[in-house]
Structure formats: C-alpha cells, structure tokens
Amino acid sequence: GARETFESYYRKQRRKQARLVLQPPSNMHETLDGYRKYFNQIVGFFVVEDHILHTTQGLVNRTYLDELWEMALSKTIAALRTHSSYCSDPSLVLDLKNLIVLFADTLQGYGFPVNQLFDMLLEIQDQYSETLLKKWSGVFRNILDSDNYSPIPVSNEDVYKKIVGQFPFQDAELEKQPFPKKFPFSEFVPKVYNQIKEFIYACLKFSEDLHLSSTEVDDMIRKSTNLLLTRTLSNCLQNVIKRRNVGLTELVQIIINTTHLEKSCKFLEEFITNITNVLPETVHTTKLYGTTTFKDARHAAEEEIYTNLNQKIDQFLQLADYDWMALEPGSRASDYLVDLIGFLRSTFAVFTHLPGGVDVHSTMSGKVAQTACMSACKHLATSLLQLLLEAEVRQLSLGALQQFNLDVEECER
C-alpha cells in the first residue's frame with residue numbers, strides 16, 4: 001500500500017546504481033576487455049529498465065528513462081573521450097570503434113537516441129587518423145633507411161612481373177631488353193606505393209558501419225591520404241635528403257624515384273575511386289593534392305646536389321696556391337685545378353651511367369646534370385675571380401696572370 005514511496009525509492013536507488021555503472025575503471029583504455037565490460041554494464045542496466053517499463057505499471061515511465069539515458073549518454077561520451085585519447089595503437093582504436101557501433105546499435109534497438117555517439121565516433125576518427133600517421137611514419141622511415149638507392153636488378157620474367165604487379169610501371173623499351181635488366185627506380189618505390197595503399201585500407205576500415213555516405217567516406221580517405229603524403233612521407237624524404245653523409249648517386253636516385261612515385265599518383269586516385277565509387281570530378285570531393293610532396297622532395301634533392309658540388313669545389317679551391325709575383329708562368333695548369341676537373345668529370349659520369357641515361361638530355365638525371373654543371377661552372381668562375389681580386393693581393397706580376405689565364409683556359413676546355 002506504499003506504492004508512491006516505493007516508486008520514488010526505486011527510481012532514486014536506480015539513479016545511484018546508474019552512476020556506479022557509469023564510473024569507468026581507471027585503466028579502461030589499456031585493453032579492449034576494459035571497454036567491453038564497461039559497455040556491457042551500461043547496456044545491461046538499460047535493458048533491465050526497458051523491460052520494467054514494458055512489464056509493470058507506472059514503476060518507471062518514459063520521461064524518467066529518457067532523463068536517465070541523457071545523463072548516461074553524456075557521462076559515457078565524456079569517459080570515452082578521455083580514455084580514447086590515451087590510446088596510441090590504431091588497431092585498438094579500431095576495435096573500440098566497432099564496440100561503440102555495437103553499443104549504439106543495440107541501444108537504438110531499444111528506442112534510445114544514439115546520434116551523439118556517432119558524432120563522437122567522428123572525433124575518434126581524427127584520433128585514429130593521427131595514430132595511423134604515427135605508425136606509418138615509422139614504416140616509411142624503415143623503408144627509406146634500408147634502401148640501397150640503386151636500380152632494382154631483374155634476372156627473369158617472374159621477378160619482372162612481380163614488381164610490375166606491385167607498382168604501376170610501363171616502359172616498352174625496358175620490356176624489349178633482354179634479361180638481366182634493371183628498373184630505373186630503387187626498392188623504395190614499390191614499397192612506399194604499397195604502404196600508401198595499405199594506409200588507405202586502414203582508413204577505410206574505420207568508416208565502415210558509421211552510416212556515412214560514400215562521399216563522406218571518400219572525403220575522409222582523401223583528407224587522411226593528403227596528410228600522409230604532405231606531412232608524414234614528406235618529412236621522411238626530407239630527412240633522408242638532408243642527411244650528412246648522403247652521396248650524389250643517392251640524391252640522383254631519389255630524384256628518379258620521386259618522379260616515378262609522382263607519376264603513379266593517378267593510380268592512387270583510381271584506387272580510392274574504386275573503393276568508394278565516388279568520381280574525383282564530383283563537386284564536393286577533396287583533391288589528392290598531396291602528390292606535390294614528390295615535387296618538393298625532388299627540388300630539395302636537386303638543391304642538395306648543387307650545394308654539395310659547390311662545397312666540394314670550395315675544398316679544392318682552398319688548395320690553390322698562386323705565387324702572385326712569379327716571373328714566369330708554369331708549363332701547365334695548376335695541380336689543384338687539374339684535380340678539381342678530374343673530380344667533376346667523374347661526378348658527371350655518375351649521371352650518365354644511370355638507367356635510361358643514354359640520351360642524357362631526355363632523362364630526369366640528364367636535366368639535373370645540366371643544371372648542376374651550369375651551377376658548378378658559375379660557382380667556379382665566381383670563386384676564381386674572387387681569388388684574383390682578394391684584398392691581400394696587392395701586386396700582380398705578368399707571369400702570375402699568365403699562369404692564372406692557363407687555369408681559366410683549362411676550365412673552358
């Protein structure tokens with residue numbers, strides 16, 4: 001006969017119990033089981049309340065239940081925001097997402113509104129993207145560090161097909177050549193290309209079951225891939241180029257590699273289109289502008305070549321030892337200059353021995369070689385002129401000038 005007292009007592013006690021259930025364990029973010037237990041408790045609580053709503057009269061009503069759910073929803077979302085932010089393992093974030101989707105779909109089946117949970121999943125998606133970028137940064141670093149920066153040798157048809165299967169490359173000339181032959185690029189090209197595809201798959205996994213339109217999925221994948229290229233891969237490439245001991249052949253190989261990767265970007269565009277069925281021409285799609293990364297890396301490598309060459313020229317010039325008061329010129333060009341020209345000759349031979357470097361003018365390395373040659377000549381000419389006009393040189397004999405002229409003629413020749 002104390003129905004009202006019992007109803008209010010029941011609701012008060014259940015509110016307290018709800019608060020206990022909604023208190024996440026402190027180490028919840030460490031394992032998937034921690035999250036699973038937490039969600040199961042909450043689902044269990046509301047399934048019981050829903051059952052009581054439908055099987056008793058007036059003990060609980062819809063308003064009471066909706067208020068309770070609203071409180072639970074905000075506490076759950078706050079707990080998930082905090083705990084998911086500690087997670088650095090992309091596969092755990094992915095598993096958590098799948099749990100949240102199950103949790104939301106289950107409660108939606110009981111008539112509870114869950115839109116906020118799906119909104120929160122989009123926040124977790126950004127974080128998932130960050131954990132992926134961190135992971136791939138390590139992947140790219142390993143690939144670039146273990147590369148030998150020399151063209152991939154191919155001994156037979158099987159090896160050739162295997163590489164062409166991994167990386168979209170067609171060259172009628174190379175196909176005609178007998179085995180053994182070489183691809184123009186080194187190992188890191190097919191490896192990096194495949195890792196970009198792996199990353200795209202990993203992004204796609206998160207967007208499944210989120211009730212997103214294909215345009216939204218496409219947009220998300222392209223945005224993440226742009227970040228992967230412009231931020232993660234770009235940093236890794238720049239680090240390799242700026243390394244202290246990076247040699248000329250490696251730099252030239254990087255230029256060739258990035259040219260091939262840039263050409264392959266249209267295949268990456270197609271790859272995303274095939275996955276999402278959204279054509280890149282569609283009004284709202286994000287463009288894959290990250291491909292500029294390869295141009296930037298190439299320019300950086302070229303600059304590094306020119307700088308390296310000029311530094312080497314400076315080292316030779318430090319050995320120049322002119323006797324400005326000499327009565328007679330020597331019989332031939334100065335030793336330091338003969339050595340310098342020998343060094344430049346062997347350096348430019350590197351460019352011409354690269355794959356496809358037979359017709360120097362048409363290849364990538366050929367263009368770089370020409371520019372490097374011009375930059376080296378210009379640097380040498382300016383430096384020689386400075387030697388002659390140095391403030392310490394107060395007097396010049398005709399013999400010294402004739403020796404200097406011999407050297408300039410040697411450079412010209």
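**Exercise 1. Find what share of the chain's contacts between residues at least 6 apart in sequence join residues at least 24 apart.**

Step 1. Take a contact as heavy atoms within 4.5 Å.
Step 2. Keep the pairs at least 6 apart in sequence; 79% of these contacts join residues at least 24 apart.

The model is predicted: local features need pLDDT of at least 70, side-chain atom pairs count only at pLDDT 80 or more, and totals for chains, interfaces and linings use all residues. Residues are numbered from 1 along each chain as its sequence is written, and side-chain values use heavy atoms, with hydrogens and water left out.

**Exercise 2. Compare the chain's radius of gyration with that of a compact globule.**

Step 1. The radius is taken over C-alpha atoms, and the globule rule is 2.2 Å times the number of residues to the power 0.38.
Step 2. For 413 residues, a compact globule would come out near 22 Å. The chain has 34 Å.
Step 3. Look at the box along the principal axes: the C-alpha atoms fill roughly 130 × 55 × 35 Å.

**Exercise 3. Describe helix 4 (residues 90–109): its span, its buried residues and their cover.**

Step 1. Helices are DSSP runs of H or I with at least four residues, strands are E runs of at least two, and both are numbered from the N terminus. The chain has 15 helices and two strands.
Step 2. The expected span is 1.5 Å times one less than the number of residues.
Step 3. Buried means under 20% relative accessible area, exposed over 50%, and partly exposed in between (1.4 Å probe, protein chains only). The buried residues of helix 4 include Pro90, Lys97, Ile100 and Phe103.
Step 4. Their cover includes helix 2 (32–55), helix 3 (62–84), helix 5 and helix 8 (188–207).
Step 5. Just past helix 4, Gly111 has a positive phi of about 90 degrees.

**Exercise 4. Identify the residues that touch the most other members of the largest nonpolar core.**

Step 1. Such a core is a set of buried Ala, Val, Leu, Ile, Met, Phe, Trp, Tyr and Cys residues joined through side-chain atoms within 4.5 Å.
Step 2. The largest one holds 129 residues, and Phe39, Phe46, Ile100, Phe183, Phe188, Ile196 and Ile305 touch the most other members.
Step 3. Helix 5 (residues 115–146) gives the largest share, twelve residues.
Step 4. In soluble globular proteins, nonpolar side chains tend to be buried together.

**Exercise 5. Locate Gln253 and list its contacts beyond four places in sequence.**

Step 1. Gln253 sits in helix 10 (residues 248–263).
Step 2. Its relative accessible area is 1%, so Gln253 is buried.
Step 3. Beyond four places in sequence, Gln253 contacts Tyr149, Ser150, Pro151, Pro184, Phe185 and Ser186.

**Exercise 6. Count the disulfides.**

Step 1. A disulfide is a pair of cysteine sulfur atoms within 2.5 Å.
Step 2. The count is zero.
Step 3. Check Cys265: the nearest cysteine sulfur, in Cys203, is 16 Å away. Cys265 is buried, at 5% relative accessibility.
Step 4. Check Cys411: the closest cysteine sulfur, in Cys377, is 8.2 Å away, too far for a bond. Cys411 is partly exposed, at 28%.

**Exercise 7. Inspect the backbone at Pro180 and Asn277.**

Step 1. Phe179 and Pro180 are joined by a cis peptide bond, with omega about -10 degrees. Pro180 is in the loop between helix 7 (172–176) and strand 2 (181–182).
Step 2. Asn277 has a positive phi near 60 degrees, though the residue is not glycine. Asn277 lies between helix 11 (265–276) and helix 12 (292–317), in a loop. At 67% relative accessibility, Asn277 is exposed.
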